[in-house]
Amino acid sequence: MDFTGWEKLSLVDYDDNITTTLFTSGCPFRCPWCHNGDLVVNLGNAHPIPWVEIKEYLSRRKNVLDAVCVTGGEPTYMPDLLDKLSEIKELGYKVKLDTNGSNPEMLRIAVEQGLVDYVAMDIKNGPSRYAETIGLSSYDIEPIRESVDYLLHRGIPYEFRTTLVKEFHTPDSIEEMGKFVRGAKAHFLQFFIDNEHCIERGFHPIEKEKAQLYRAILLRYVACSELRGYD
């Protein structure tokens, strides 16, 4: 299966690493505020990028790039993900995996095969509002719980992150979310931007003052929480 999106150079996707970012199509969630909607619901418009083209670029840029970020969509459902991660690692790159945590078995395999150096997992909301926030009528949160537990105890560098949307997040849901990831090393709160790529339009960001309040709530449960995109 081919990647369908590619940002050849990024300075923000993986800490201080110079990164190239690869996007997969498809996701089991339908978060109405998702800003990568074209990769989730409009799969017929996806344009596959030949893997040989990506590998040639990675081979040429080994002295410039530090890492590859694999994101989506939801990359853990890519049928040949492990093979592609293995080829990336063979070229000497660090790999960051972005995931929503809905496929804990693939997450575990990728980590334990040494194919991932850093995991960024989205925590959409507190458990009681998870289904609503991901655009589904119901959702068994157990896979998310399993992925959270795995990252908390495995030892691989990771972060949790939540995009704050006024229509879905409240002090109560943030409190619930904090309890859900209790003991986490890092949980970032991200600024939401409504744009033409969202699955649905008309949602709103949470203002900085309230986001700071949410950060203070999270800090009761996690070691580090910071705001992203609020500068």
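## Aromatic core

At 0% relative accessibility, phenylalanine 160 counts as buried, a class that requires under 20% relative accessible area, with exposed meaning over 50% and partly exposed lying in between (1.4 Å probe, protein chains only). The structure is a predicted model, in which local features need pLDDT of at least 70 and side-chain atom pairs count only at pLDDT 80 or more, while totals for chains, interfaces and linings use all residues. Residues are numbered from 1 along each chain as its sequence is written, and side-chain values use heavy atoms, with hydrogens and water left out.

## Ring pairs

The count comes to eight aromatic pairs, where rings of Phe, Tyr and Trp (its six-membered ring) pair if their centres lie within 6.5 Å, and planes under 30 degrees apart count as stacked, over 60 as edge-to-face and the rest as tilted. The pair of phenylalanine 29 and tyrosine 139 is edge-to-face because the ring centres are 5.3 Å apart and the planes stand at 90°. This pair links distant parts of the chain, 110 residues apart: phenylalanine 29 belongs to the loop between S2 and helix H1 (51-60), and tyrosine 139 to the loop between helix H4 (130-133) and helix H5 (142-154). Helices (H or I, at least four residues) and strands (E, at least two) are DSSP runs, numbered from the N terminus.

Phenylalanine 29 is buried at a relative accessible area of 2%, whereas tyrosine 139 is partly exposed at 25%. The rings of tyrosine 158 and phenylalanine 160 form a tilted pair, since their centres are 5.2 Å apart and their planes at 50°. Tyrosine 158 is buried, with a relative accessible area of 5%. One aromatic cluster is formed by Phe29, Tyr130 and Tyr139.

## Charges over rings

A charge sits over a ring if NZ of Lys or CZ of Arg is within 6 Å of the ring centre and within 35 degrees of the ring normal. The charged end of lysine 84 sits over the ring of tryptophan 51, 5.3 Å from its centre. Likewise, lysine 94 places its charged end over the ring of tyrosine 14, 5.8 Å from the ring centre.

## Largest pocket

A pocket is an open set of points on a 1 Å grid over the protein atoms alone, where a 1.4 Å probe fits, with protein on both sides within 12 Å along at least five of seven lines; lining residues have an atom within 4 Å of a point. The largest pocket is lined by 43 residues, and His35, Asn36, Arg161, Thr163 and Gln190 lie nearest its centre. Strand S6 (158-164) is among the elements that give two or more residues to this lining, and S6 contributes the largest share, four residues.
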